[in-house]
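This report concerns the salt bridges of one protein model. Please consult the sequence and the structure shown below while reading.

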Amino acid sequence: MDRPEQDREAILAAMGHLSHGVYVLGARRGREMTAMTASWVAQVSERPPCVVVSVRDDRYTHDVILESATFSLSVLREDQVDVATHFAETSGEYHDKLHGVPYGQSPGGSPVLLDCLAYLDCRVLDSAHAGDHTVFIGEVTAGESYDGPSYPLLYDPTEYEGALS
């Protein structure tokens, strides 16, 4: 059911107060690696450890995850807004966003940033459509936290000017 525009704007404004982190979502298809900024991520289970990530259906990384059934999440530090912006600016279909960025491969083969707070390696258990996004449920098969005191980057819409929509 479509809502009147003023109701939609009020709902979106209220939803804008939900808090969440900012991550680099990595995926691999054969020898091709890609990554994008993701902010709609949450832990959904402890046994087994699972996370959920929401990816807009028209994103290049969306189809790579569908085909590979794996993905990684690099947890950004609070001082890495520039990294989040870099991975949000262009499509991985036309631009190698990992070029010049220190990264390695997770045990499952997806790209993970070497300079971040932590990473998670995930195997897709299930997916569901939610509006213009696909929600991927991933079982965390590996992960590592990196040394150093720091806090995760929290999403602030004023820092991205619509780049993460």
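The sections below describe salt bridges and the exposure of their partners.

## Basis of the report

This is a predicted model, in which local features need pLDDT of at least 70 and side-chain atom pairs count only at pLDDT 80 or more, while totals for chains, interfaces and linings use all residues. Residues are numbered from 1 along each chain as its sequence is written, and side-chain values use heavy atoms, with hydrogens and water left out.

## Salt bridges in the whole structure

Seven salt bridges are found in a search of the whole structure. A salt bridge is a side-chain nitrogen of Lys or Arg within 4 Å of a carboxyl oxygen of Asp or Glu.

One of them joins Arg8 and Glu9, with an N to O distance of 3.9 Å. Arg8 is partly exposed at 41% relative accessible area, and Glu9 is partly exposed at 42% (buried means under 20% relative accessible area, exposed over 50%, partly exposed in between, with a 1.4 Å probe and protein chains only).

## A bridge between two loops

Asp115 and Arg77 meet through their side chains at 2.6 Å, N to O. Asp115 lies in the loop between strand 7 (111–113) and strand 8 (118–130), and Arg77 in the loop between strand 5 (70–75) and helix 3 (81–89), so the pair ties together parts 38 residues apart in sequence. Helices (H or I, at least four residues) and strands (E, at least two) are DSSP runs, numbered from the N terminus.

Asp115 is partly exposed at 43%, whereas Arg77 counts as buried at 18%.
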